[in-house]
Amino acid sequence: MIRTFDQHHIRTTEELNGLWNMSIGEREWLTSVPGCWEQILELTTYQGSASYHRSFHIRNDAAAVRLVFKGVSHTADVYVDGEHVGHHYDAYIPFDIVLPHLDRGEHELRVDVDNSFGPDSALHIPNDYYSYGGITRGVSIEALPEAYIKNMRCTPHLNDGGWSATTEVTIANISQENTTVDLQISMAGKEATYRSLEIPGQSEKTITWDENYDEITSWSCNNPQLYQVCAQLFTDDLADDGQLIDDLIDRIGFRTVATQGRQLLLNNEPIFLLGLNGHEEYGSFGSAVPFESIVQDIQYFKDLGANAVRTSHYHNDELFLDLCEEAGILVWEENHARGLNLERMSNPNFDRQCAECNEAMVTNHSNHPSIVIWGLLNECASDTEGGRKKYEAQFSQIRSLDTSRPVTSATCQHFADICLDLGDIVSVNLYNGWYESGSTEDRLNREIEWIDSNDKPFDSATNKTAGSATDLKPIIVSEFGASGLYGFHDQFGAQKWSEERQSQILEDNLHAYLNNKNLTGLFVWQFADNRVSEEEWFLTRPRLHNNKGIVDEFRRPKLAYGTVKRMFHEYSASHCGL
């Protein structure tokens, strides 16, 4: 499964999920795609390269074939009939390859995959999560005409209580010759037709449709109403019964996101984020989480009373995003860069790989109404002047791609961060009771006081913040929690690593954060335990897992699950769900 709904009724598509052959040297296995090779008993700790291969069949004449890979971890080289047709880096970025004029019949597809670390990789490094190997998300193949719909983006607007939307449709012409087409776009009972669009050879044209919508139900957590937007492409001239040659369908929700002072506004109404951090991982399946398990995770979020999730620290599979907006779960989607010091951020590939990651995140996922925050550079070198330049560039890039959502960055550079003025929201990771002791309430108040006095432009000449304080911004506690080993109990709750101690720490943290009027949200670290890299984490992570989940990697609830559920529901009941 690629999406939870059909994106094409006209374009011929076929999923290539299922059994593939995989080889490492002379060894061969029959394995699943999507899947991680760590599922194979002999390869549970393997890091290196492997070759995936299978055949596919072209049944109809088509101007081109488009191969779509939703995720390969983490470097891919793609071959068709022995010819190298594409290279890609980063496990969490989908990519596609358009192949013109493939003949009918059988063809061979090979994907060489490598999940090893090295100097060319700025983002995939030994980390507090694991870089699994394999084709970890869905694969599909599409038959394209010479002119086809490349992408579509729809942005809703709320003006004087009424809804409008801007829809942009990009048409690509892969032939050498000019072509003329007609385009129809429809959504929520409205339709627009664009006739005789001339698309020069080997080029693209973007059509923009602005429309008002009278009878619209807003998308919200309690009523996640979705609307399909459909673009259809015809041979010229539609008035003379032109032939329908291509289509693209997506879904949107009519909602707006903004910040005002301390508040985060959804459809101009303040909302408080009761959130969970989550890694894309499940027990022995690794990062290739089965669809049924994603559905169950959403049910856990709803049971807990959570209304938000943060995709730490990378883009999630689009299936997850589809399910979030169907359930009314808000998403903070984050780019792929976690815990990088200035030396790692100075890797010559860092700027380019981050820029590609940011562009893919925004352009591929902008239509998802569930995404209400873009995030970048979790716990990186925001306390250095060199790091600030990296932050400035990435904040600027994301805002150039999308201005309809606030942007933030989670920091752990307490009382030293010089990038607080760059984001629309200040997000801070606090682990009081686990890494720090003392009063959680006092610690939070000191942090807020420091944030408010340092949320100003940074003057590199004096190495200090300068100018007057900016308007107050929303503040989110983006991470807090404690480790608890599933099944390890201490009835007095005194011992770290026990379920009781984890539960006590979370209760203390939640009491302080839910009762502080300066906060606009919080995200528990984390929903489920996850595997970590052995290279740098084996001394501090029992079982080679980050054990701060309120469920373990197989979704068995710990005592902390009940604590979070009780306190989330109590807060919602007393605050009318804000």
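T167 is found in strand β14, which covers residues 162-173. In this predicted model, T167 counts as buried because its relative accessibility is 0%, and buried means under 20%. T167 and L273 stand 106 residues apart in sequence, and their C-alpha atoms are 29 Å apart in space.

A second pair of positions can be described in like manner. S23 has its place in strand β2, made of residues 18-24. With a relative accessibility of 15%, S23 counts as buried. Between S23 and S284 there are 261 residues along the chain, and a separation of 20 Å between the C-alpha atoms.

**Salt bridges**

The structure holds 39 salt bridges. One of them joins the side chains of D128 and R541, with an N to O distance of 3.0 Å. D128 lies in the loop between β10 (105-114) and β11 (134-135), while R541 lies in the loop between α8 (534-537) and β34 (545-546), so this pair ties together parts that are 413 residues apart in sequence. Both D128 and R541 are buried.

Another salt bridge brings together the side chains of R251 and E326, at 2.9 Å from N to O. R251 belongs to strand β19 (residues 244-252) and E326 to helix α2 (residues 318-327), so the pair ties together parts that are 75 residues apart in sequence. R251 is buried, with a relative accessible area of 12%. E326 is partly exposed, its relative accessible area being 35%. R251 and E326 also take part in a network of salt bridges that links them with R3, K70, D250, E318 and D322.

A further salt bridge is found within a helix. R352 forms a salt bridge with E356, and the closest N and O atoms are 3.5 Å apart. Both residues lie in helix α4 (residues 350-365), and because they are 4 residues apart there, about one helical turn separates them. R352 counts as partly exposed at 43% relative accessibility, and E356 counts as partly exposed at 38%.

| Salt bridge | N to O distance |
|---|---|
| D128 and R541 | 3.0 Å |
| R251 and E326 | 2.9 Å |
| R352 and E356 | 3.5 Å |

**A charged surface patch**

D81, E83, E106 and E108 form a negative surface patch. One of these residues, E83, lies in strand β8, which covers residues 83-89. E83 has a relative accessible area of 53% and is therefore exposed, since exposed means over 50%.

**Helix α5**

Helix α5 covers residues 385-401 and has 17 residues. From its first C-alpha to its last, α5 reaches 25 Å, which is close to the 24 Å expected at 1.5 Å a residue. The buried residues of α5 are G387, R388, K390, Y391, Q394, F395, Q397 and I398.

**Backbone details**

The peptide bond from V33 to P34 is cis, and its omega is near 0°. P34 lies in the loop between β3 (27-33) and β4 (49-58). The peptide bond from W525 to Q526 is also cis, again with omega near 0°. Q526 is part of the loop between β32 (519-524) and β33 (530-531).

Positive phi values are a further backbone detail. A188 is not a glycine, yet it has a positive phi of about 50°. This residue is found in the loop between β15 (179-187) and β16 (190-199). A188 is partly exposed, with a relative accessible area of 33%. E379, although not a glycine, likewise has a positive phi of about 50°. The loop that holds E379 runs between β26 (371-375) and α5. E379 is buried, with a relative accessible area of 15%.

Note on methods:
Residues numbered from 1 in each chain as written. Predicted model: local features only at pLDDT ≥ 70, side-chain atom pairs only at ≥ 80, totals over all residues. Heavy atoms only, no water. Patch = residues over 30% accessible without salt bridge, like charges linked within 9 Å, V, L, I, M, F, W, Y side chains within 5 Å. Areas by Shrake-Rupley, 256 points an atom, 1.4 Å probe, with all protein chains shown as cover. Salt bridge = Lys/Arg side-chain N within 4 Å of Asp/Glu carboxyl O. Lys, Arg positive; Asp, Glu negative; His and termini not counted. Charge placed at Lys NZ, Arg CZ, Asp CG, Glu CD. Helix = DSSP H or I, 4+ residues; strand = E, 2+ residues; numbered from the N terminus. Buried < 20%, exposed > 50% of the residue type's maximum accessible area, 1.4 Å probe, protein only. Expected span 1.5 Å × (residues − 1).
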